[in-house]
Each structure stands twice: as C-alpha cells, then as structure tokens.
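Look at the model below and follow the charged side chains. Where do they pair up, and how open are those places to the surroundings?

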Amino acid sequence: MPKIGGFLSRQGGDFAFASEMAEKRRQLREVEAELAAEACEASAPTREAA
C-alpha cells in the first residue's frame with residue numbers, strides 16, 4: 001500500500017523542504033527591500049515652504 005499523507009521518498013521530502021525555504025528567502029528579500037525603501041524615505045531631507 002502507498003503511504004498516505006507523506007512523501008514517497010526522502011528525496012521528495014528534501015525537494016519540498018528546499019522549495020519552501022527558497023520561497024521564504026524570496027519573501028524575506030521582499031520585506032527587507034520594503035523596509036530599506038521606507039528607511040530611505042524617512043531619512044531623506046524634506047523641503048518646507050517658507
């Protein structure tokens with residue numbers, strides 16, 4: 001009988017884990033880029049009308 005609710009091989013589980021980690025790294029890079037853009041905007045000098 002085939003396994004139910006699991007991976008058929010260790011290799012399949014390793015591939016799924018690696019894929020998930022790659023997605024998390026991509027999401028982290030997006031968040032870091034957003035935070036860097038916000039920090040850049042916050043530190044930019046503003047011109048006030050006199």
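E23, R26 and E30 are linked in a network of salt bridges. A salt bridge here is a side-chain nitrogen of Lys or Arg within 4 Å of a carboxyl oxygen of Asp or Glu. This is a predicted model, in which local features need pLDDT of at least 70, side-chain atom pairs count only at pLDDT 80 or more, and totals for chains, interfaces and linings use all residues. Residues are numbered from 1 along each chain as its sequence is written, and side-chain values use heavy atoms, with hydrogens and water left out.

**The chain**

Helix α1 covers residues 10-43. Of the 50 residues in the chain, 2% are buried. Buried means under 20% relative accessible area, exposed means over 50%, and partly exposed lies in between (1.4 Å probe, protein chains only). The accessible surface of the chain is about 5,000 Å². Carbon and sulfur atoms hold 60% of that surface. These areas come from the Shrake-Rupley method with a 1.4 Å probe; for residues, only the protein chains shown count as cover.

**The salt bridges**

The structure holds four salt bridges. Three of them, including both that involve R26, are set out here.

| Salt bridge | Closest N and O atoms |
|---|---|
| D14 and R10 | 3.3 Å |
| R26 and E23 | 2.5 Å |
| R26 and E30 | 2.3 Å |

R26 and E23 both lie in helix α1. They are three residues apart, about one turn of the helix. R26 and E30 are separated by about one helical turn because they are four residues apart in helix α1. A polar contact of 2.3 Å also joins the side chains of E30 and R26. A polar contact is a pair of N or O atoms within 3.5 Å; within protein, one must be able to donate a hydrogen and the other to accept it, and residues adjacent in sequence count only if both atoms are side-chain atoms.

How accessible are these residues? R26 has a relative accessible area of 33%, so it is partly exposed. E23 is partly exposed at 31%. E30 is partly exposed too, at 40%.

Now turn to D14 and R10. They sit four residues apart in helix α1, so about one helical turn separates them. D14 is partly exposed, with 39% relative accessibility. R10 reaches 68% and therefore counts as exposed.

Technical notes: Helices (H or I, at least four residues) and strands (E, at least two) are DSSP runs, numbered from the N terminus.
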